[in-house]
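Have the viewer open while you read, and turn to each site as it comes up.

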Amino acid sequence: DPLPPRSAVTATIGLSHKDAIQALIPNRDDATNAAVVEAYRDYWRPREEAIPCYPDALNVIRELSTRATLGVATGKSRRGLNVALEVHGLTEIMTATRTADEVANGKPAPDMVRDIMALAQATPSHTIVVGDAPVDMQMGANANVATCLAVDFGVGATDDLKKVGARSVVSSWKELHRVLLEVLQEMKGL
């Protein structure tokens, strides 16, 4: 079979491994899908600890953790998320996390966000979803959160992110920090 186009591959970022493989290689049996997922994991596991953060990301996340409860909803596996959080020293500041392999329905379903809100004792009106893909914005909208913010330095195009409900699309972690502080201030007035 020919390789899928890059646009098809990037459209699966944020999905569970199983859902991504099904989207890219449809109509395959479960054994084939499981073998492809395992090959993907075998490829990435030795490289996981070397994946860098975006410039300013760690500083912004740490500063925000002093102002708000933080969580992560990801298409990564639990193991993959734990490695990423540990490598970057973020394990202790993430109050609630959910991975695609821990919920019945991955992105864009609201399951991960709803679980995180329950763990953090947060309401949708006091929850912000930040993401880089249309499925992130759809997940937030499906969970009825107050605000969905997008970054344009990931996989989603600005127009696509706006079409699916991003309140703002920012171009850097510093800009994201500024917008998040504005939204948090607005939420205090609710």
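A salt bridge here is a side-chain nitrogen of Lys or Arg within 4 Å of a carboxyl oxygen of Asp or Glu. Please keep in mind that this is a predicted model.

1. **Salt bridges between separate elements.** Searching the whole structure gives 7 salt bridges. One of them pairs Glu186 with Arg167, with 2.8 Å between the closest N and O atoms. Glu186 belongs to helix α9 and Arg167 to the loop between α8 and β5, so this contact ties together parts that are 19 residues apart in sequence. Both ends are partly exposed: Glu186 has a relative accessible area of 43%, and Arg167 is at 42%.

2. **A bridge from α5.** Arg78 makes a salt bridge with Glu102, and here the closest N and O atoms are 2.8 Å apart. Since Arg78 sits in helix α5 (residues 78-87) and Glu102 in the loop between β2 and α6, the pair ties together parts that are 24 residues apart in sequence. Glu102 is partly exposed, with a relative accessible area of 33%.

3. Glu175 is partly exposed at 27% relative accessible area, and Arg178 is partly exposed at 42%. Through shared partners, salt bridges join Glu175, Arg178 and Glu182 into one network.

4. **Aromatic pairs.** How many aromatic pairs does a search of the whole structure find? The count is 2. Tyr54 and Phe153 form an edge-to-face pair, with 4.8 Å from centre to centre and 65 degrees between the planes. Tyr54 is in the loop between α3 (30-44) and α4 (57-64), while Phe153 is in the loop between β4 (147-151) and α8 (158-163), so the pair ties together parts that are 99 residues apart in sequence. The rings of Phe153 and Trp173 have centres 6.5 Å apart and planes at 45 degrees, so this pair is tilted. It links distant parts of the chain, 20 residues apart, with Trp173 in helix α9 (residues 173-188).

5. **The aromatic cluster as a whole.** Tyr54, Phe153 and Trp173 make up one aromatic cluster. Are Phe153 and Trp173 buried or exposed? Phe153 is buried, and Trp173 is buried as well. Tyr54, by contrast, counts as partly exposed, at 45% relative accessibility.

6. Tyr40, Tyr43, Trp44 and Ile51 make a nonpolar surface patch of about 380 Å². Ile51 is found in the loop between α3 and α4. With a relative accessible area of 38%, Ile51 is partly exposed.

7. **The second largest pocket.** This pocket has a volume of about 220 Å³. Its lining consists of 15 residues, and those closest to the centre are Ser16, His17, Lys18, Ala100 and Asp101. At least two lining residues come from each of α2 (17-24) and α3. The largest share of the lining, 3 residues, is supplied by α2.

8. **Backbone geometry to check.** The Lys107 to Pro108 peptide bond is cis, with omega near 10 degrees. Pro108 lies in the loop between β2 (94-99) and α6 (111-120). Asn27 has a positive phi of about 60 degrees, although it is not a glycine. This residue is in the loop between α2 and α3 and is exposed, with a relative accessible area of 75%. Asp56 is another residue other than glycine with a positive phi, near 75 degrees. Asp56 falls in the loop between α3 and α4 and is partly exposed at 32% relative accessible area.

9. **One last position.** Val164 is in the loop between α8 and β5 (168-170). With a relative accessible area of 22%, Val164 is partly exposed. From C-alpha to C-alpha, Val164 and Gly140 are 10.0 Å apart in space, and they are 24 residues apart in sequence.

Methods. Residues are numbered from 1 along each chain as its sequence is written. This is a predicted model: local features need pLDDT of at least 70, side-chain atom pairs count only at pLDDT 80 or more; totals for chains, interfaces and linings use all residues. Side-chain values use heavy atoms; hydrogens and water are left out. Rings of Phe, Tyr and Trp (its six-membered ring) pair if their centres lie within 6.5 Å; planes under 30 degrees apart count as stacked, over 60 as edge-to-face and the rest as tilted. Helices (H or I, at least four residues) and strands (E, at least two) are DSSP runs, numbered from the N terminus. Buried means under 20% relative accessible area, exposed over 50%, partly exposed in between (1.4 Å probe, protein chains only). Patches are made of residues with over 30% relative accessible area and no salt bridge: like charges are joined within 9 Å, nonpolar side chains (Val, Leu, Ile, Met, Phe, Trp, Tyr) within 5 Å. Accessible areas come from the Shrake-Rupley method with a 1.4 Å probe; for residues, only the protein chains shown count as cover. On a 1 Å grid over the protein atoms alone, a cavity is a set of points where a 1.4 Å probe fits but cannot get out, and a pocket is an open set with protein on both sides within 12 Å along at least five of seven lines; lining residues have an atom within 4 Å of a point. Grid points are joined across faces, edges and corners, and a volume is the space filled by probe spheres set on the points.
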